[in-house]
Amino acid sequence: MADGYAGKYLRVDLTKEKFTILPTPEEWKRKYLGGVGMGAKIMWDEVPPEVKPLSPQNRIIFATGPVNGTLFPPSGRYEVISRSPLTGWWAHASAGGFFGPEMKYAGYDLIIIQGKAKKPVYLHIDNDLIELKSARHLWGKNVIETTDRIMEDLKDPDVKVAAIGQAGENLVRYSCIMSDYFRAAGRTGLGAVLGSKNLKAIAIRGTKGIKIANKEKFNKLLEDAFRRHSPEGRYWEYIESFRKYGTFSLTDWENAIGRLPTKNHWTGYFENAEETIGMEPMRKRHYKRHASCFGCGIQCKYSSVVKEGKYAGTESEGPEYETVEGFTSNFLSTDTSALIRANYLCNIYGMDTISVSHSISWAYESYEHGLLTKEDTDGRELIWGEDGMDDVIELLEEIPFRKTKFASLLAEGSREAARRTGKGSEAYAIHVNGLEASGQDGRPHKSLGLTYAINVRGADHLTSLSSLDELGYKEEIKRRYKKETVNILADRWDEKLKGYLVADMEELYALCDSALLCKYGVMWPPIYYHQDFGKIISAITGFTEYEDPKNLSKLAKRICHLRRCFNVRLGWSKKNDALHPRFTEEPMPTGPAKGQVVHLEPMLREYYQVRKYDWKTGYPTKKELEEVGLEDVAKELKKRKKLVPVYRGKKAFQIRK
Amino acid sequence: MKILNIDAEKCSGCRLCELACAFTKEKRIIPILGRVNVFQNYAWGLSVPVVCTQCEEAPCIKVCPTEALYRDPETNVVKVKEEKCIGCKLCVSACPYGAVVFIPEKKTVIKCDLCDGDPVCVKFCPTGALKYEEPVKATLSKRREQAEKIWEVL
Ligand code: SF4
Ligand code: SF4
């Protein structure tokens, strides 16, 4: 029996109003670890391609991992896994805060939700007590009202609540799940999945504990981990800055390399950003107080407030870097009060700030090029800059309710909005495989181009992004990779070897999202690497085999392959491993990376070599799947003619030491 | 003599102190076994660690019928002799902070003993919300911070 886990999982069938509590199978723990790993296993087994994202048969899985809720920092997160109503593909999103650890303290590694409730309900869990309660009085309420009301109803101010706002109820395709008021499981539209099931919220309380397999080892690793988060650690400068400014310190760093998406990803440089929307002005104007997720040594959280002007008094946790970009440079606006207002509205209605801001900016750019007119926009002139922000704010009030035809069009996400609009407006829907591009750009950071192209959930920055070349962590590159590769890997404009680098990051983050730590600490800054995961997994669970790098790499590959196979079964093939032409055909017009484009093919070739995918079809290879222990998956894909028997391509070059 | 000095304004609510305490004292990861607990108002992002303040006139000692609660003469710390505790819970109701907690599985109460002069919560606290220092120094450092705020305005 493995330690570190809560030990049980809960299945809720909303149609039958039935709860099943079962021991978490040993096979799931050992082979898939937790988080997205276990999620992938369940999605593969239980959600065949016929099941549409918003149908009752779709599953939505709340998952923790063995490291969650232990003292090991930063272990406050949880993952939500499903099939995405925004993209149609694999979906996962993760949130920090306190909800994840509470799930474990209540005794559940996973909560699997299926079916559809007849009327709006919420799920209440207090250790062994599980009940579905009417949410009639909560339907139509925003996230703050809902959370407050549930605490009142249950007379428990310490209950942890994950809820959807009106956006989720009205099936806005990029609605999210909000926990502890302000922490978002943001991407891929999982709020709509809950909305489609009539499940308004999960409220959870737990007072049980977690057993550690090897306390002595755990203690040593703990000491080392906290030392790395202290002034003695290598990355203290970054941690200090996250603690002082929050993640928006990235705004300055990204603009400095010409990678701060500006005007709907038209360029990557926003003039004077440092003085207008950068970390200093943001802190000076809006900083309210410092906060943190559960058990974190970085502590990037804080809340902001608008002190003057028409939005005075607006207060919310955040905004994160992605939101800063989405509602300032993305609209050529320096109005940070409008930004805080936008962030607040997205939080209370429950919308992914990245997808909603970039869906709206699709409309702005389409309008600029005459593809949308005042007739389409409810009489609005969509103009860039500070003066256009009133309309953005208005739209944020309308989209969650699908108030008008235009708002409802935007609620479908940029890909679908552009498809319905036609006239070439697809050129301004900056998404990859249906997911709006986040606050990154591949032109100044080539490996990011590959990241967007091959990610299982589309254009996001959390599944395989390499921060090593991005922010020039050269010393870290030296520690991890072979000497002859260092200079090439560190050059963010050089496509060479980046396919191997991205594959390595994808595997590292698969471990991170399954053991369940925060990406800060693994990515920005790169505190932990594979061997750290091997050790901590071993100490907490007792799976000592993962201290052997070979086994650990197999585990990571297994998770990566299984997620991709889920997509392949849905119809994903080589043609999906592609980028929006904005990144491959339009040279960066301004800024430090002026003239750059992404050359995808060389990187994709390398990536395919590591994964042993077939270059023509993008399908996986039988032998490789069997090697990582996915024999059943191989069998099913073979039946569906989506498997290649032998890999005939080149062998991958090993960049790791 | 040093005291555990709490500066709630600095607390980020990470709850590391709570878990570190539980793990050190009980060798288990169970937040409610922490001698210190952090209370949060998520809506406003406010957090406060609540822990025994080692009262000079300790009500818990006064009500304890078995002298399980006592003051260590050397360190002035209020401690529990677990083997003497009969679980009557009088101290739990007497303590104005709820800092003494009865644990059913253990059949005794638990409370902060300042880790014999080296409190683990302080070591883990990343923000300085928990400090172990001389009382006079503690108040003065708080006043200094106030002064710094005033300098910023000047
Ligand atoms: S680094 Fe930030 S997001 Fe991650 S766990 Fe810590 S406070 Fe939360
Ligand atoms: S460790 Fe410090 S900052 Fe964290 S909850 Fe405890 S007192 Fe607050």
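Reader: In what order do three strands of chain A form an open sheet?
Author: This is a predicted model, in which local features need pLDDT of at least 70, side-chain atom pairs count only at pLDDT 80 or more, and totals for chains, interfaces and linings use all residues. Residues are numbered from 1 along each chain as written, chains are lettered from A and ligands numbered from 1 in written order, and side-chain values use heavy atoms without hydrogens or water. Strands here are DSSP runs (E, at least two residues; helices are H or I, at least four), numbered from the N terminus, and two strands pair if DSSP finds at least two bridges between them. The pairing in this sheet is antiparallel, and the order is β13-β14-β15.

Reader: Why is one side of β13 and of β15 left without a neighbour in the sheet?
Author: Strands of a sheet pair through backbone hydrogen bonds, either parallel or antiparallel. In chain A, β13 (287-291) and β15 (315-317) stand at the edges, so one side of each is left without a neighbour, as each has a single partner strand.

Reader: Which residue is the bridge partner of A291(A) in β14(A)?
Author: β13(A) pairs with β14 (residues 301-305) of chain A over four bridges, in the antiparallel sense. In β14(A), the partner of A291(A) is K301(A).

Reader: Which helix packs on this sheet, touching β14 and β15 of chain A?
Author: Contact means heavy atoms within 4.5 Å, and angles run from 0 to 180 degrees between N-to-C directions of axes, lines fitted to C-alpha atoms (for helices, over the stretch in contact). The helix spans residues 336-349 of chain A and makes about 65° with β15(A). That helix is α13.

Reader: Which are the edge strands of the six-stranded open sheet in chain A?
Author: The sheet has mixed pairing and runs in the order β2-β1-β6-β3-β4-β5. Those that pair on one side only are β2 (18-23) and β5 (90-95).

Reader: Which residue stands opposite A63(A) in β4(A)?
Author: In chain A, β3 (residues 60-63) and β4 (residues 78-83) run antiparallel, joined by three bridges. Opposite A63(A) stands E79(A).

Reader: How many residues of the shell around ligand 1 are charged?
Author: A residue is near a molecule if one of its heavy atoms lies within 4 Å; the shell of ligand 1 includes R77(A), K301(A) and C293(A). Asp, Glu, Lys and Arg count as charged; Ala, Val, Leu, Ile, Met, Phe, Trp, Tyr, Cys and Pro as nonpolar; the others, Gly among them, as polar. Seven residues of this shell are nonpolar and one is polar, while the charged ones number two.

Reader: How many residues surround ligand 2?
Author: The closest are C11(B), C14(B), C17(B), C125(B) and T127(B). By class, nine are nonpolar, three polar and one charged. The number surrounding ligand 2 is 13.
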